[in-house]
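Notebook open, structure loaded. I want to jot down what I looked up, starting with the contact between chains.

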Number of protein chains: 2
Amino acid sequence: MRFSKLYAPTLKEVPSDSDIKSIELLTRGGFIRKAASGVYTYLPLGWKVIRKIEDIVRQEMERIESQEILMPIVQPAELWQQSGRWEDYGPEMMKLEDRHNRSFTLGPTHEEMITYLIKNELRSYKQLPLSLYQINNKYRDEIRPRFGLIRSREFIMKDAYTFHDTEKSLDEAYDDFYKAYERILEKIGVKYVAVDADNGAIGGSDSHEFQMLADTGESSILFCDECNYAATDEKAESGEIYEFNDEKDKELELKDTPNVKTIEDVANFLEKDIKSIIKSILFKGRDGWVLALIRGDYEINISKLRGYLKDQTLHMGEPQEIKKEFDVETGFIGPIGIKNIKIIADNSIKTIKNAVVGGMEKDKHYINAVFERDFKVEAYVDIRIVKKGEKCPKCDKYLKEKRGIEVGQIFKIGQKYSKSMEAFYTDESGKQKPFFMGCYGWGISRTMSAVVEQLHDKNGILWPKNIAPFEVAVVIVSMKDKEQINMAEKIYTKLKNNGVEVIIDDRNVSTGFKFKDIDLMGIPLKIVVGKSLKDGKIEIKLRNEEKGELYSIDNMESILENIEEKLNNYNPAKI
Amino acid sequence: MRFSKLYAPTLKEVPSDSDIKSIELLTRGGFIRKAASGVYTYLPLGWKVIRKIEDIVRQEMERIESQEILMPIVQPAELWQQSGRWEDYGPEMMKLEDRHNRSFTLGPTHEEMITYLIKNELRSYKQLPLSLYQINNKYRDEIRPRFGLIRSREFIMKDAYTFHDTEKSLDEAYDDFYKAYERILEKIGVKYVAVDADNGAIGGSDSHEFQMLADTGESSILFCDECNYAATDEKAESGEIYEFNDEKDKELELKDTPNVKTIEDVANFLEKDIKSIIKSILFKGRDGWVLALIRGDYEINISKLRGYLKDQTLHMGEPQEIKKEFDVETGFIGPIGIKNIKIIADNSIKTIKNAVVGGMEKDKHYINAVFERDFKVEAYVDIRIVKKGEKCPKCDKYLKEKRGIEVGQIFKIGQKYSKSMEAFYTDESGKQKPFFMGCYGWGISRTMSAVVEQLHDKNGILWPKNIAPFEVAVVIVSMKDKEQINMAEKIYTKLKNNGVEVIIDDRNVSTGFKFKDIDLMGIPLKIVVGKSLKDGKIEIKLRNEEKGELYSIDNMESILENIEEKLNNYNPAKI
């Protein structure tokens, strides 16, 4: 490719809505352009990177014998009504009507569609297991699209689905995908971590996320150096042991607590340890109100609560709504005297004796509340946010935290969709049974941004070789110097014929301009044909090297070998 | 690939909504499944075919130095409002609103989007010409989706756009695309014809369509054997010469014509030649009403009229609307006495002396109407439908007709979008000028159906080798016969290692069942390992051969050579 012909409009200025480094660099480097809020066009360079990511993903899907298909983007509402997600999915689902007023959605995911597809056609246990995947656009109407390709409204995903007659078979496929995802990340060439994750709106049992590490990442990962435990903050558990104390039960008392605003205020006012206060928070979900209890110094993890209650619509109650429903201000909610409500408690309150709880009226708190005696709890479960510094749940060490960007997630969804959509196969004895299913997502367009978040410096992007738009750039320093042109063209042609993906910068602009563009675009290796050509030398420099090296042009073969070796050893993620 | 692992659910029965052969065979052969009216899923076999078509198109786009990008499917309304097509495009445009009530469309085409993309970024004449393309979904909300992938609502297109500083440069690119499209059709391996075409809603000057020939095709093509003139019926011109007669002008007379319903009735009643009657038809468009005149034995071609008036919203007036507006029944409309209306006449009326025209009141016609004397015409143009048997416009012979399916169309759109959307470049002298543009579409998913329409027989599809899902099928006749299995596996492995795309039918089903599936799926070459293996022989049969040939397995190398030669010479389109 000739740079003079390439459509890659680079920009000096930082675009005004660059809320994250990758969107700045991908825009400035001429990889993408915003078309509308959360909607992007991939320019030739960006599309090259995307296609390379797709190819790596395809290779690994083929290796585990997943078959590629393509499902529609526009999906009929009926399928989503059957699974119950037409209402549950919430306002992130983009909906439309056709000219006959039939309702459709722009698929945010394809579980319903694939279940509908195989229903009545995948009939026999003999055909199982089956693994199908597609690479396709997905749509999520984010309330505030941000971080460029990381939280966009139109994005490219690989999504795979597997069908099984036994849980064991599902476990095997899950393991295949787990390994395939690790290979994809290694082929791309980035630092990553696989973590225990929450199933969220997809449902099912086990789930893992694959996170590319980046300081700017949206996700917080809690991990243990010692035993390799790692989980998202939504899912992370703690090895913390709650100390029982041997206090005697005291008598329940309602106290005035005027003007207290926070848990700390209550602790100070009543001269109590914050760990002896039970925080009470009201949530509203599909089946009404739920009261969640947790120790005063901890926070509720809504993902865990949603998971336990199997209700993704669950959200924290609004103060006005709570006032209307329970006639109490949010600061004084408590489990004593509240009626007709499900009470779920975090394990952390089990060891609190003589607790402080809200008094269910303004400016009042109870002291010496004793559970089972003064209030009943439906279940004690883990519904709290675990933080770094806490004990690892798997060993004796303590959890650390790092940040990442989720690029892949795999789920055992079991029989959730096959049951609700009545997708059955016939087993050996002739019985109809719902499939076990797995589902496996990979964010293709998001991967491009995530790599840039991990691999950039002040001059621009550092693409790993396998997904770089070009591996090598040959720079002609002076377009007036025929010798430079001839030598550069010669090297360009040789590399091209050797199968190297190379671009020649033949633009009539200054050398500084050329270097800046090539660094910004993150091309792994640069060959400079300039003044030193008079001494029979050219310069070769890797993107992450401080300085280039001069090579004599006498032995072209050895130069080519050098280039190949440098490229093969190039690993910007390891530095 | 092993057939036992392939997800290709074949069907014996003809699906109930098979309104065209390709949708029947692609559904029965396990290539596609309908997901909703006009919306399809591509199963593994169908997706393989689509990917091969895409690859052929990509190769030819690269050869003419078009650069691949990807634009959004979801496009903001503002762009379409700027070009004026938000209203003009009509109800085929699928529209939606996001959660903030902003309007979007699912792009039926991308002229607006690409013009917006390059605007302010493609700045200098030095960067021209530029050619960009994408392969992406398009959406058209057909009132009655039909013919499967041929008139679907969600479909895959390749669309390319070029930008130029001169018309000459546009002409060159247009020519490049013309030739690239011919090469694509030749690589696919089908009979086709390139025809003069109407620009329709895209606008601009020249246009050509590339039609795959098929008796079931939607498009009618008029062509000349002698000089190779070919055009769609929307565009076709005629070499017909209208004979002048030397009749004297007579006096205009209003006659009673009670109960006449058709042009023939009028001719009979008034004892006039039908060729002396002027048919008057009212159309309504963006700027109001238009009266079109044509000779009694001819029909108005609405595409030509729309093209002449540059108004794609033009449609025939409804009788009630006409009655309300002009106080006349449709059978008695005429150019005399009608007020404040643009009158456009087909060339065919120029030679009519003393014509019969509608009287503008019920049961009345004028006789002896003379144009210029009795009514004024704004323009005489070609707005009629040309039919087979008419004279070729380019030579002395007569036009014939055949049917085809449009798979590609190229357009010189000139400055239509660059002017309306103010997309300018700077010329050598520093002046701002609107680009000249070309646009070039190719229906990827439609191509799959069109090939099947042209190439099928009573047993199923006949894929040309280059887009077949598999080139060769190896059939094991008896899954109980170890020798058959071993030999089949050996041939399968050899072919695979030689880079042949091969499937082995290792299913535990009857031979008849296997043969039927493989023929239905249209696999070019079948190798049968059956009973004759005992005599050291296997059977090789091309899909379009009546009978297979037996080959001795003694010389495996020569068998492989034979297979390769047979495949290379296989051309189902030529038979």
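First, my salt-bridge rule: a side-chain nitrogen of Lys or Arg within 4 Å of a carboxyl oxygen of Asp or Glu. By that rule I looked up Arg153(B) and Asp98(A), and their side chains do meet in a salt bridge, at 2.8 Å from N to O. The rule finds 6 salt bridges across the interface of chain A and chain B.

Some housekeeping. This is a predicted model, where local features need pLDDT of at least 70, side-chain atom pairs count only at pLDDT 80 or more, and totals for chains, interfaces and linings use all residues. Residues are numbered from 1 along each chain as its sequence is written, chains are lettered from A and ligands numbered from 1 in the order written, and side-chain values use heavy atoms, with hydrogens and water left out.

**Interface.** I looked up how much the chains cover: chain A and chain B bury about 4800 Å² between them, 58% of it on carbon and sulfur atoms. (Buried area here is the accessible area, 1.4 Å probe, that two parts lose on being put together, summed over both.) Tyr7(A), Leu70(A) and Arg99(A) supply 16% of what chain A buries against chain B, more than any other three residues. The contact (heavy atoms within 4.5 Å) takes 57 residues from chain A and 57 from chain B.

**Chain A overall.** I get 14 helices and 31 strands; these are DSSP runs numbered from the N terminus, helices being H or I with at least four residues and strands E with at least two. The C-alpha atoms fill a box of roughly 95 × 65 × 50 Å along the principal axes. Of the 575 residues, 57% count as buried, meaning under 20% relative accessible area (1.4 Å probe, protein chains only), with exposed over 50% and partly exposed in between.

**Helix 13 of chain A.** In residues 511-520, I find Lys514(A), Asp517(A), Ile518(A), Asp519(A) and Leu520(A) buried. The buried residues of this helix pack against helix 1 (21-28) and several strands, including strand 27 (472-476) and strand 29 (525-529). Just after the helix, Gly522(A) takes a positive phi of about 75°.

**Thr351(B).** Is Thr351(B) buried or exposed? Thr351(B) counts as buried because its relative accessibility is 10%. I place Thr351(B) in the loop between strand 17 (342-346) and strand 18 (355-358) of chain B. Leaving out residues up to four places away in sequence, Thr351(B) touches Tyr242(B), Glu243(B), Phe244(B) and Asn245(B).
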